[in-house]
Amino acid sequence: MTDATAVDMSTDTRKSGRILYVASVVFLCAWVIVPIYFLLINTLSSPETVNSFPKSFIPEFDFGSLQFFAGFAGMLTALKNSVIVALLTMVMSILIGAPAGYALSRFDFPGKGLFRLLILLTRAFPLPLLALPLAVMFIQTGLDDTAFGLALVHTTLAIPFAVLITFSLFSGIPIELEEAAWTLGCTRLTAFTKVVLPLILPGITASAIFAFVISWNEVFAAAVLTIENRTLTAFLLQNLDTSPLHLKFAGGFILVVPALIFIFAVRKYLFAMWGIANR
Amino acid sequence: MNARILPYVLILPVTLFLCVFFLYPFVLVSQQAFGSSEGGWSLDNFREVVSYWKFPISLKNTLLLAAVVVPVQLALALLMATMVSKMEKGRDMVLYIWTIPLGISDLAAGIIWLAIFEQSGFLNSMLSGIGVIDRPMNLLTYQNPWIVFLAIALAEIWRATAIMLVILVAGIGLIPKEYYEAADVFGASKWKQFTRITFPMLRPSLQTALVLRVILAFEIFAVVAALGGTLFPVLMGETYAYQFDLLNSGAAAAMALIILGISIGFTLIILRILRVPKGASI
């Protein structure tokens, strides 16, 4: 074999390797998108089309299913409840979690290791299960079947993430910036609000959004803790056996939409927060 | 404020919150599970749930599902993470698309795959389009347990690979590029670089990813409810049924503790297998 044919062969294998690579990337993208597209078709079809066969692979842009969804008794209230619970979770997990993230990144204190262990432990537990005993506790305190009660449980789910994400965000801001502010006459608090906070705000927003999505998507605790004031996930779950297909698909689609927007909004932080949380 | 006290003031809210809503309910659920109708401690609840005819099936289903889904997800996430690490153009776009399922709830994922597998769904439409079948088949029934299993497994793989991908991509980003350059100098093949550099260096991330995924795999609930309903009993679904259909919160608590026990057991096994030697982390 001459050198020339050997070179030819290696460019050939490289080329076919390249094609294989691009093809697998495209395939994996399609694997994620196509099922969502199918759901979109069903959502944008009239109820009759959803229940007919065979399916067309192009949406007919009929809002019958969505109208049926909006008109279904209790659905809009459930949607409203979902938003309220998610917003409460978002606010509480940041307000409670962010100070701890700041403490972890700025101070060395006795008990720090134990505290980190507690945070990591919560992440290693099937937390929704804790909704079962809380149901009893909430009945005693009058928190049962309220948005606030459920938000408390969802905050437990979101808090480990809020602490770890804000910890990694604060660690990314050099303490020298704060020290400079102190020498220029700032107190600890004003240095924080004037120097650190503006820098950290986009990251805080991202982790707040993450908390929102955790709450928005949670099914088990929501189903256990709400009866009259069902959230959207709990409502859909409760009616899975009885509700018609077009209602399920429209409801599923409404559940998916915020996810698409939120993941897009936080994509820059998605990786940074896990890089540090690993260690 | 005093710098000695300040950190404790800052972590106080989280600590209090977790004590009330994490540690305390944990004590309560144990009390409920080990309690009995006459008061005092007993294993009655555990005996009751374990001897129920559905328990072995739901345990088997949950474990089988985890055993099939998690390895596939691990392989897929590793493949995607290495693919994306070499990518120059369109990396952000591809990563965004691949991480979309991260924001999608298990219930929504179940509904999405229901659109494919239901009787008038897209799988049947495609099969009849290419002439394999002439009328729609009802796929998700008790006559086709394997199709029900396949649909649930596919939905889980579709939904939850993204969380592993994110953790692994972040982990790969932490591996110094010099190692690969050195390997190139010594003529190591790409496969060898993967098995000798990427895989061992990625152990902490693999640990995190696997622990998180395995725990979530034992909590599988809404995907099954949307696709299989009662055809495919799983542990979490049975817990829900005890609480609501049978109104037996003692048994539900016992089930919760069993799931917890299995989760902790597997967490310890993973930590043991993938343990990071001291001083060898990045």
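An axis here is a line fitted to C-alpha atoms, for helices over the stretch in contact, and angles run from 0 to 180 degrees between N-to-C directions. Two packed helices are described by the angle between their axes and the distance between the axes. The model examined is a predicted one.

Within chain A, helix α7 (residues 147–171) packs against helix α9 (residues 188–217). The angle is about 160°, and the axes lie 9 Å apart. Angles over 145 degrees count as roughly antiparallel. α7(A) and α9(A) are therefore roughly antiparallel to each other. The crossing of α7(A) past α9(A) is right-handed. On the α7(A) side, the contact is made by His154(A), Leu157(A), Ala158(A), Phe161(A), Ala162(A), Ile165(A), Thr166(A), Leu169(A) and Phe170(A). On the α9(A) side, it is made by Ile200(A), Gly203(A), Ile204(A), Ser207(A), Phe210(A), Ala211(A), Ile214(A) and Ser215(A). By class, the contact of α7(A) with α9(A) holds twelve nonpolar residues, five polar residues and no charged ones.

Helix α7(A) also meets a helix of chain B, namely α1(B). The axes of α7(A) and α1(B) come within 10 Å and cross at roughly 135°. α7(A) passes α1(B) in a left-handed crossing, whereas the crossing of α7(A) with α9(A) is right-handed. From α7(A) come Leu152(A), Val153(A), Thr156(A), Ile159(A) and Val163(A). They meet Val14(B), Phe17(B), Phe21(B) and Phe22(B) of α1(B). Eight residues of this contact are nonpolar, one is polar and none is charged.

The whole contact between the two chains takes 77 residues from chain B and 72 residues from chain A. Helix α1 (residues 6–34) of chain B gives the most to the side of chain B that touches chain A, with 15 residues. That side of chain B divides into 55 nonpolar, 19 polar and three charged residues.

The overall make-up of each chain was also computed. Chain A has twelve helices and zero strands. Read along the sequence, its pattern is α-α-α-α-α-α-α-α-α-α-α-α. Chain B has 13 helices and zero strands. The C-alpha trace of chain A spans about 80 × 70 × 35 Å along its principal axes. For chain B, the C-alpha trace spans about 75 × 70 × 35 Å along its principal axes. Chain A has a radius of gyration of 25 Å, but a compact globule of 279 residues would have one near 19 Å.

Chain A is divided into two domains, domain 1 (3–43) and domain 2 (70–277). Their C-alpha centres lie 37 Å apart. The contact between them takes five residues from domain 1 of chain A and five residues from domain 2 of chain A. On the side of domain 1 that touches domain 2, three residues are nonpolar, two are polar and none is charged.

Note on methods. Residues numbered from 1 in each chain as written. Chains lettered and ligands numbered in written order. Predicted model: local features only at pLDDT ≥ 70, side-chain atom pairs only at ≥ 80, totals over all residues. Helix = DSSP H or I, 4+ residues; strand = E, 2+ residues; numbered from the N terminus. Parallel < 35°, antiparallel > 145°, perpendicular 65-115°, else oblique. Left-handed = near helix turned anticlockwise from the far one by under 90°. Contact = placed C-beta atoms within 7 Å. Nonpolar A, V, L, I, M, F, W, Y, C, P; charged D, E, K, R; others polar. Domains from an automatic or database assignment. Rg over C-alpha atoms; globule rule 2.2 N^0.38 Å.
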